[in-house]
Amino acid sequence: MRLHPFTALTAAACTAVATTAAASWQLSFAVSIISSVLAVRAGVAGRVLSAAAVTVGPLCLSLVVLHGLFFPEGRTVLAEWGPARVTAEGLQFALDLASRTSACVLVLLLFSFTVSVPDLVSALAASRIPPQFGFVLASTLTLLPAIVGSLDRIRQAQEARGLLLRGSLLAHLGALRLQMVPLVQGLIEDAGIRGQALEARGFGAPGPHTSYRHVDDPPGQQIFRALALVLAAAAVALRLLASWPTASL
Amino acid sequence: MTATTRTALRARINEFTYHGGTAAALRDVGLEIEGGSLTAILGGSGSGKSTLGKLLGGWLRAGHSGTLRGSLELGGTRLDFDGSAADPRINPAEWFRRAAFVPQEAAAMLSTVRSSVAEELAFGLENRATPRQEMLRAVDRTAAVTGLSGLLDRDPATLSGGELRRLAVGCAVITEPEVLVLDEPLASLDPAGTAQVTDVIRNLVAGGSAVVVLSQAVDGLALQARQWIVLDDGTATAAGPPGKITESAELEASGVRLPGSAVSALASTSPGPERVLGKGPAILELLGVGFSYPVASRRNGPATANEVQRTNVLRDLDFSLRPGEIVRIVGPNGAGKSTLLRLFNGLLRPSSGDVRVGGNSIARTPVGRVAASVGLLFQHPRDQLFERTALREVCFGLRPLFGPGGATVRALAALDEVGLSNAAQVHPAELSASQQRLLALATVLAREPAVLALDEPTVGLDRHGVERLSHAVKEAAERGAGVVLVTNDAGYGRTAADRNLEFDAGRLREL
């Protein structure tokens with residue numbers, strides 16, 4: 001079954017919200033494992049996990065250091081070095097926070113690496129969201145590969161003229177400066193020409209736009225989205241209710 | 001279908017000056033384009049062709065992009081401009097619907113955010129809120145006219161040069177404009193791409209469209225035109241049927257490349273007494289070279305055998321170049337010609353076999369060092385230019401080879417060789433496209449490499465530029481350099497080369 005992009009987006013967002021609201025490391029771990037399995041099945045595990053490692057790794061490390069060693073409410077001391085105390089409560093708190101963050105990041109990365117951008121742009125257009133919004137969204141995803149490709153061509157041209165990409169960091173920075181000039185000039189020139197082309201093709205025209213690409217939105221998925229939103233709202237409400245007496249103390 | 005004789009577009013440009021420009025880019029240009037006709041606007045580099053094309057296609061708007069004095073008449077509606085604030089304003093989208101412009105860089109026409117050819121074609125209709133059923137019919141109709149019916153599901157990023165050009169034309173004609181203006185529609189296309197685009201234009205003319213092509217060469221398309229207009233330094237110097245213009249002094253003076261002009265310009269490049277063609281050891285050798293691009297990661301499992309096949313660009317390829325020899329390599333777009341040149345200096349490394357320069361393998365030599373022996377001119381000069389002045393540009397990387405004094409002397413000599421002595425202190429971005437290409441050539445020539453590898457060197461050059469290029473190639477060959485020309489420009493390449501090779505299934509064979 002092909003998921004409508006809004007269904008995937010709703011599922012990812014509601015899972016992230018519910019996981020945060022539940023504040024249970026067991027649920028967080030379950031969400032992380034399910035996300036990873038789905039990433040493997042979609043063939044994007046490498047990209048999702050490496051992006052998650054870069055994003056969440058440093059954060060988890062800092063949580064463990066901060067709360068594992070310095071948790072004022074910690075009572076069960078496991079080890080002690082001067083002012084630093086490893087407490088069971090601190091480690092538990094760090095684990096909760098790290099697992100929750102990891103689950104949210106994984107589920108959102110899974111969405112961003114599996115969603116069909118053309119489907120998403122088309123669905124946005126069909127929802128009467130200004131097409132410029134969808135264009136910016138899609139451009140953001142296509143700009144980086146374009147810049148990388150352009151930089152590679154420029155580097156090749158400069159190496160062919162005797163630029164030696166070896167030596168100190170300073171030499172590399174110097175080479176980077178030389179690559180930036182044609183890159184930025186090229187991007188500005190491209191933007192100018194493309195702007196003229198887009199304008200001529202009526203992109204900036206006010207009023208409604210239609211979409212050539214048709215994205216199926218079966219009633220079952222619409223019901224699922226509504227239910228997911230209700231459940232996520234309920235999870236937040238329950239969390240607030242559960243925390244209320246504690247918060248008022 | 002019988003061609004109509006109604007006037008689709010009439011323009012009288014007394015003067016057009018870009019905002020911030022010191023001189024008029026166009027002066028005294030008048031033209032009248034009839035429906036169902038093909039018109040060729042011919043001019044050398046910097047003649048104002050693209051400016052005129054953009055004005056006719058609504059990409060440059062009076063008041064917005066510059067000051068226009070004159071009039072434009074489209075489909076019976078005449079707009080008069082006197083350069084004042086009261087001038088009429090052109091709505092680019094409405095104008096484009098009736099008089100469309102396709103730039104030379106076809107990719108610039110595309111939205112870049114559509115995932116298939118069909119969606120890219122429909123982009124302009126979406127913006128006009130065209131109902132979906134109507135869009136489906138329009139896409140099918142346009143695809144049939146432009147020969148894209150079999151490519152509708154393809155990602156535009158994977159199209160060849162000819163296919164991309166046809167898609168750009170399709171994007172312009174899907175709204176059925178009365179006038180279509182095409183800037184250098186055949187530039188850098190292989191023979192198959194040229195034939196495809198020519199067919200599309202012929203179909204459009206037969207269907208009643210008024211097609212205007214801008215070109216700096218009297219090519220196959222220009223020869224089919226009913227009317228020629230010659231532009232020189234922003235002014236229309238001649239206009240009329242081709243028979244009347246062909247032998248005119250105005251056309252000769254314009255710098256337009258004429259059929260056979262490259263031949264005369266290059267007559268003296270055939271091996272003369274100075275050339276040491278075929279003697280001495282090879283300065284460049286490729287021995288059993290294979291090369292394949294890595295298969296892109298896929299979401300739906302590993303690549304199929306067919307896809308692996310497509311990435312194997314070169315197979316067991318042998319090639320050698322002697323001092324003083326000029327070799328031309330031809331092949332369809334995407335055959336691996338540019339890849340081959342990048343193997344010469346180590347920018348790409350072969351997956352099998354060996355590349356030797358001056359008898360030594362370059363397998364472990366950095367590109368920057370091989371560059372002292374192999375000079376490579378890329379297709380897009382913009383990627384190569386990054387300094388503040390033309391002189392600094394040519395001087396880049398010369399000092400380690402020739403010392404501070406020698407570097408300047410050689411740089412000035414190289415600039416002189418390509419006719420840019422007067423532009424030594426000009427910023428490269430301020431040069432015309434043709435001059436930028438010649439400047440990039442100067443940066444290669446100044447190094448006096450043993451091997452000169454030029455990728456589509458004539459694209460964007462007018463006759464004067466081609467003459468400079470042919471002279472430089474001849475000089476390089478006479479001093480003993482081996483020259484490899486990758487070009488589908490038969491007029492230039494065939495005459496310049498001692499040997500012609502063609503890509504055939506990843507290998508080179510003699511033509």
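**Entry 1: B:Ala411**

I looked up B:Ala411 and found a relative accessible area of 0%. That is under 20%, so I logged B:Ala411 as buried. I keep in mind that this is a predicted model.

I then checked where B:Ala411 sits. The residue belongs to helix H15 of chain B, which covers residues 399-417.

**Entry 2: a sheet in chain B**

I traced an open sheet of four strands in chain B. The order reads S12-S11-S14-S15, with antiparallel pairing. I marked S12 (312-321) and S15 (360-361) as the edge strands, since each pairs on one side only.

S11 spans residues 284-292 and S14 spans residues 352-357. Five bridges join them in the antiparallel sense. Which residue of S14(B) does B:Leu287 stand opposite? I found B:Asp354 there.

Helix H12 of chain B, residues 337-344, lies across S11, S12 and S14. H12 runs at about 125° to S11(B).

**Entry 3: confidence in chain A**

I turned to chain A and read a mean pLDDT of 84. In this chain, 95% of the residues reach 70 or more. Among its elements, helix H1 (residues 5-22) has the highest mean pLDDT, 93. Strand S1 (residues 77-81) has the lowest, 77.

Methods:
Residues numbered from 1 in each chain as written. Chains lettered and ligands numbered in written order. Predicted model: local features only at pLDDT ≥ 70, side-chain atom pairs only at ≥ 80, totals over all residues. Heavy atoms only, no water. Pairing = 2+ DSSP bridges. Helix = DSSP H or I, 4+ residues; strand = E, 2+ residues; numbered from the N terminus. Contact = heavy atoms within 4.5 Å. Axes fitted to C-alpha atoms, helices over the stretch in contact; angles between N-to-C directions. pLDDT = per-residue confidence, 0-100. Buried < 20%, exposed > 50% of the residue type's maximum accessible area, 1.4 Å probe, protein only.
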